Amino acid sequence: MRKTTATIMLLLAAISGLWLQAEPNLFSSDNFFQWRSALIQYSGMLAVGLMSITMLLALRLPFIEWLTKGLDKSYRLHKHLGIASVLVAVVHWLLAIIPKQLVRAGILDKPVKGAGPNNSDSLYALVRPLRGLAEQVGEVAFYSFVVLAIVALVGVIRYKGFRYSHKLMSLAFLAIAFHSVILIKHSYWPYPITYACLALIWVGSVAAVYSLFGRIGKTKQHTATVANFRFLPQDKVVDLRLSVPNWHGHNSGQFAFIGFPGEEPHPFTIASTNTGTGHVRFLIKELGDFTANLKNRLNIGQELKVEGPYGNFDFNDSAPQLWIAGGIGIAAFTAILQQRQTMNNPPKATLYYCSETLEPKLIEELQQLSSSSQVELRIIDNSRQALLSAEQLVNEVEDLMQRKIWFCGPFAFSSSLQQQLAHFGYPLKHFHSELFELR
């Protein structure tokens, strides 16, 4: 993940360097409007560049998931870059609007504009009449993009509406792409910054069209039928078993999107190891309106859509391991417990299962799987005792500093535990967590 972030920072630094190359006289100028013009171009290029990368990260492409070490991390980066692009776009808008208002108020003198290139046969002669339209389209698209971004971040809409809002963002991006291409300063055209900017816009535009036509995840979609399901009332969890004939397999710890009739696909951790039979299990916690009603909507033989697998939370390490599951995060560990029964000399492992509601049937299953998989199981009943702490781990796990930690559970729990572990000197590069926040 750090390498991916470093790559993006390097890309932005390259844009900055190429922009400076196209503005050789900027630092020797004391003309306010020359600086304004240059900074409008710079902020606009940064904004559309960030937006383009954001659009690309949303496509669930295998090479993107490989680069970011998991789809959950791709989506986190997608979210953060989306926020950054909006903030830079706001700066771009302020640079364009405020000086105009100051001129109208008589505080600033109106700048004297040049006539520009006067070659009727040039490409610029074709582009120049579109500049007014590009400014209008860009302003409307900017307002739309900001509103959609705020709605998505605040989380005031349901998952289905969230998906539609992102499709509208694709439309807004295409409008911003048109705005950006037309308004690249003509003096930049001979410089590499123009081609770099056009390349980024092209990548973002292809991603936007790909999203608008509903192509995201299509190559990983499979038809599934409900083989069996049961409701665990203590945990308020649906134990769902699907038959997926064309399933190509998965690694323990990965997740998949399930498409239910009349609903957009939702992501859930796969709670079974890969058996090659096409049988896939999910443990689905009641966390909202959709999941709370799921047990009443399922029927044996019902046809669903499964898309996946995704994720890089795969326990692929030979070092001694410490597993920590918070609530429904236990789903990832039921899969690896099953897988260990077929492994030769699996690494030493201890599992902490932390939950406020302990379902007897699930506890019994975990005890049986742990015993047969040579895993030490420790149950933390959070209805009776405090959250698992780093101090407790230090006292109970003698070789903690040599263990690789695999965590799946609430983000706040993960963050708190990492801060505490860092205080005890634990190397956090060995702390693996499934972020699983895809919106």
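A crossing of two helices is left-handed if the near helix is turned anticlockwise from the far one by less than a right angle, and right-handed if it is turned clockwise. In this predicted model, the crossing of helices α2 and α4 is left-handed.

**Overall make-up**

The chain contains 13 helices and 11 strands. Its C-alpha atoms fill a box of roughly 80 × 50 × 40 Å along the principal axes. Of its 439 residues, 47% count as buried. When contacts between residues at least 6 apart in sequence are taken, 74% of them join residues at least 24 apart.

Helix α2 covers residues 32–57 and packs against α4 at an angle of about 155°, the two axes being 8 Å apart. Angles over 145 degrees count as roughly antiparallel, and α2 and α4 are therefore roughly antiparallel to each other.

Helix α4 itself covers residues 71–104, which is 34 residues. From the first C-alpha of α4 to the last the distance is 49 Å, close to the 50 Å expected at 1.5 Å a residue. Just after α4, Gly106 takes a positive phi of about 80°.

Helix α7 (residues 159–182) includes Ser180. Is Ser180 buried or exposed? Its relative accessibility is 11%, and because buried means under 20%, Ser180 counts as buried. Leaving aside residues up to four places away in sequence, Ser180 touches Val48 and Ile201.

Strand β6 covers residues 303–310, and six of its eight residues are buried, so β6 is largely enclosed by the rest of the structure. Strand β1 (residues 221–232) pairs with β6 in the antiparallel sense over five bridges, and strand β3 (residues 255–259) pairs with β6, also antiparallel, over four bridges. Which residue of β6 is the bridge partner of Gln221? The partner is Glu307, and Glu307 is likewise the bridge partner of Phe257.

Further along the sheet, strand β2 (residues 237–243) is joined to β5 by seven bridges, and these two strands run antiparallel. Asp239 stands opposite Leu283 of β5.

Arg230 has its place in strand β1. At 32% relative accessibility, Arg230 counts as partly exposed. Not counting residues up to four places away in sequence, Arg230 touches Val237, Val238, Asp239, Arg241, Arg281, Lys361 and Glu365. Asp239, one of these contacts, is the residue that stands opposite Leu283. Arg230 and Tyr195 are 35 residues apart along the chain, and their C-alpha atoms are separated by 57 Å.

**The five-stranded sheet**

A second open sheet has five strands in the order β9-β8-β7-β10-β11, with parallel pairing. Its edge strands are β9 (375–381) and β11 (431–434), each of which pairs on one side only. The twist averages 15° from one strand to the next.

Strands β7 (residues 321–326) and β10 (residues 404–408) pair in the parallel sense over five bridges. Here Ala325 has Cys408 of β10 as its bridge partner.

Helix α11 (residues 360–372) packs on this sheet and touches β8 (349–355) and β9. The direction of α11 makes about 155° with that of β9. Helix α13 (residues 411–423) lies across β7, β8, β10 and β11, and runs at about 170° to β11.

**Strand pairings compared**

The table collects the pairings described above.

| Strands | Sense | Bridges |
|---|---|---|
| β1 and β6 | antiparallel | five bridges |
| β3 and β6 | antiparallel | four bridges |
| β2 and β5 | antiparallel | seven bridges |
| β7 and β10 | parallel | five bridges |

Definitions and conventions: Residues numbered from 1 in each chain as written. Predicted model: local features only at pLDDT ≥ 70, side-chain atom pairs only at ≥ 80, totals over all residues. Heavy atoms only, no water. Buried < 20%, exposed > 50% of the residue type's maximum accessible area, 1.4 Å probe, protein only. Pairing = 2+ DSSP bridges. Expected span 1.5 Å × (residues − 1). Contact = heavy atoms within 4.5 Å. Axes fitted to C-alpha atoms, helices over the stretch in contact; angles between N-to-C directions. Parallel < 35°, antiparallel > 145°, perpendicular 65-115°, else oblique.
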